[in-house]
Amino acid sequence: MRHVDIWLIKATRYDDDGYPIRWIRSAIPSNSLACVSALVVDAMERRVFGPDVETRVHAIDETNTRVDIPAILRSHRAEGTRAIVMLVGVQTNQFPRAMDIARPLRQAGVPVCIGGFHVSGCIAMLGEDAEELALARELGVSQFAGEAEPDRLDEVLRDAFDDTLKPIYNHLDDQPSLQGVPVPLLPGATVRRSFTHWSSFDLGRGCPFECSFCTIINVQGRKSRFRTADELESIVRLNAAEGVTKFFVTDDNFARNRNWEAYCDRLIELREKEGLEVRLLIQVDTMAHRIPGFIDKVVAAGVRLVFIGLENINPDNLEAAKKRQNRIEEYREMVLEWKRHPVVISCGYIIGFPADTRESILRDVDLIKRELAIDVLYFNILTPLPGSEDHKKMKQAGVWMDPDFNKYDLNHRVTHHPRMSDAELDAVFDEASRRYYDFAHMERVFKRRVQLRNGMRLTTMYNLIAYRQGPRYEGVAFAEFGLGRIIDRHERRYGLPRENPVTFYARYGWRSARTLAAYVYTYGRLRLSVAKAWRVWGKQDLYPYADEAIAAVEAAHDPLVHETAARSTPYARRRQENRLKAMNRDVLAEAGSGPDLAGQAEPAPVGGST
């Protein structure tokens, strides 16, 4: 062998009709693909195949690029050439598509290795013989569990070159340092196949919390590991050389990265001294606003979009998911702290907790609309993802879970709900989104931004369109969203028949026309809402706007607490009462009442306690 073609493929998933979800321009590129691509390029520069072997690396994000299986097979059959395929960052809902890509390649003898959260999560929680990975074993696809830094792919690449891939490469018990390893990087041409022109990278891995629905803590661990500020600067400079200056920082919780301030200081320095300015999307928890100076500093560093894991507004649901760090009594304060700055706030929201009912879900959506100045709400169905504690417990208890992994995208119901029928849960998931994204509320979002002097009108509008239209007309969530859906009649899920061309193209044409019309209508309506709201920009004092979400509220009378009191818990009530006591002590101390508050009357209990 004198030539090696390495194909790094980030698989997509299938839509409900069995066609791969692919776009002319997709959303944000995969960080897993960026990480593995950098590691493989580094391995090639170190000549892991020997000094006389020429290599080519092809990084493919299937959400915007077709996987050319015939080309891979031609490479495999060419004299003196070895083709190696690595299925990168495969999530559970992408596993069926990844296996369909692997099937013809393995039949032709092409070495294929798969990694990502599905493989790692299943092995971490269920063992190496997990039935959720049976198809990979059946097809002879090698599995890589854990993280690939710093040079763990060398062994995989050499074994693939020698056609001696092992069934499993398990590194879950040894979580590597992120310092001193190749930094995530994708070519600028690959990034520009996204309509946002945003790239992605991670600065830390691992999470200290223990949410039962999460897979991260079981794959990347609860002990956090971090890159340095110098490595962040390297990432920014390498991307800037490719014309890329906007990034999604994929850390599950940027606020818990101990180097967050050093990162921000470095980015501020690059902007002030060299004019190198970046724009960032970060993910944080609901307590990040408590960190002194955190919000001011990250905004100064370039953060313009923030995703917050709100998850729910009912204490019983949060406690059931071991999400005790989410405190609904601080939600309003948290949102308004972020709203002091020009950022767009997106919050994750989960429905389908055991205590939920149709009535409670819709009531809570209305409550959020009224009481929290959130811009966009990302609706998910509570899903027992393989690799999570929820999935393991349900599997051990023999609870039914849908065997079709393609549905594990957080937008499909994959198990039965104890209080709602399957049809009722499906319907209320759709209804909740429609209720939040009605035009009256979206206009209210713009008016709040004007009154609070947040700006960001176009970014807000584009986010509203994507979060509203994606589930409604494309059947995808924001992370899977794109522009210009491509559906190839010849590419369909294994086992499904090829459709009649007349039927296929007629439906495809009608779907495209209907979707385009819906986008044009929504865009037009929102442009009018923006124009109406921004007429008073600079005149907010003369033409003020007010509603419950941006009004000051006494902590003892917080509607979020009182209107969810029936679904509170003893733990939440004690916490809320202690918070009020502490606030009262602070008020009395500031008023000169002295530090000794013994004998002072306690505040009225909250959360329905007696």
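Q: What does Trp338 touch?
A: Leaving out residues up to four places away in sequence, Trp338 touches Val284, Phe294, Ile295, Val298, Val306, Ile308, Val343 and Ile345. Contact here means heavy atoms within 4.5 Å.

Q: Before we go on, what kind of model is this, and what counts?
A: The model is predicted; local features need pLDDT of at least 70 and side-chain atom pairs count only at pLDDT 80 or more, while totals for chains, interfaces and linings use all residues. Residues are numbered from 1 along each chain as its sequence is written, and side-chain values use heavy atoms, with hydrogens and water left out.

Q: Which residues touch the most other members of the largest nonpolar core?
A: Phe294 and Trp338 do, in a core of 117 residues. Helix 1 (residues 31-45) gives the largest share of this core, seven residues. A nonpolar core is a set of buried Ala, Val, Leu, Ile, Met, Phe, Trp, Tyr and Cys residues joined through side-chain atoms within 4.5 Å. Buried means under 20% relative accessible area, exposed over 50%, and partly exposed in between (1.4 Å probe, protein chains only). Helices (H or I, at least four residues) and strands (E, at least two) are DSSP runs, numbered from the N terminus.

Q: What lies apart from that core?
A: Another core, of 38 residues, including Phe95, Val110, Cys122 and Leu139.

Q: Back to the aromatics. Which cluster is Trp338 in?
A: Trp338 forms one aromatic cluster with Phe254, Trp260, Tyr263 and Phe294. Rings of Phe, Tyr and Trp (its six-membered ring) pair if their centres lie within 6.5 Å; planes under 30 degrees apart count as stacked, over 60 as edge-to-face and the rest as tilted.

Q: How many aromatic pairs does the structure hold?
A: There are 23. In one of them, Phe446 and Trp534 have ring centres 6.4 Å apart and planes at 70 degrees, so this pair is edge-to-face. Phe446 is in helix 17 and Trp534 in helix 19, so the pair ties together parts 88 residues apart in sequence. Both residues are buried.

Q: How are the rings of Tyr467 and Phe478 arranged?
A: They are stacked, 4.5 Å centre to centre with 0 degrees between the planes. Tyr467 counts as buried at 7% relative accessibility, whereas Phe478 is partly exposed at 21%.

Q: Switching to charges: how many salt bridges?
A: The count comes to 64, where a salt bridge is a side-chain nitrogen of Lys or Arg within 4 Å of a carboxyl oxygen of Asp or Glu. Arg22 forms one with Glu491, the closest N and O atoms being 2.8 Å apart.

Q: Why does the Arg22 and Glu491 pair tie together separate parts?
A: Because Arg22 lies in strand 2 (residues 22-26) and Glu491 in the loop between strand 16 (482-486) and helix 19 (501-534), parts that are 469 residues apart in sequence. Arg22 and Glu491 are both buried.

Q: And where do Glu443 and Lys447 lie?
A: Both are in helix 17 (residues 439-451), four residues apart, about one turn of the helix. Glu443 is buried, with a relative accessible area of 18%, and Lys447 is partly exposed, with 27%.

Q: Which residues are linked in a network of salt bridges?
A: Glu147, Glu149, Asp202, Arg205, Arg225 and Arg227.
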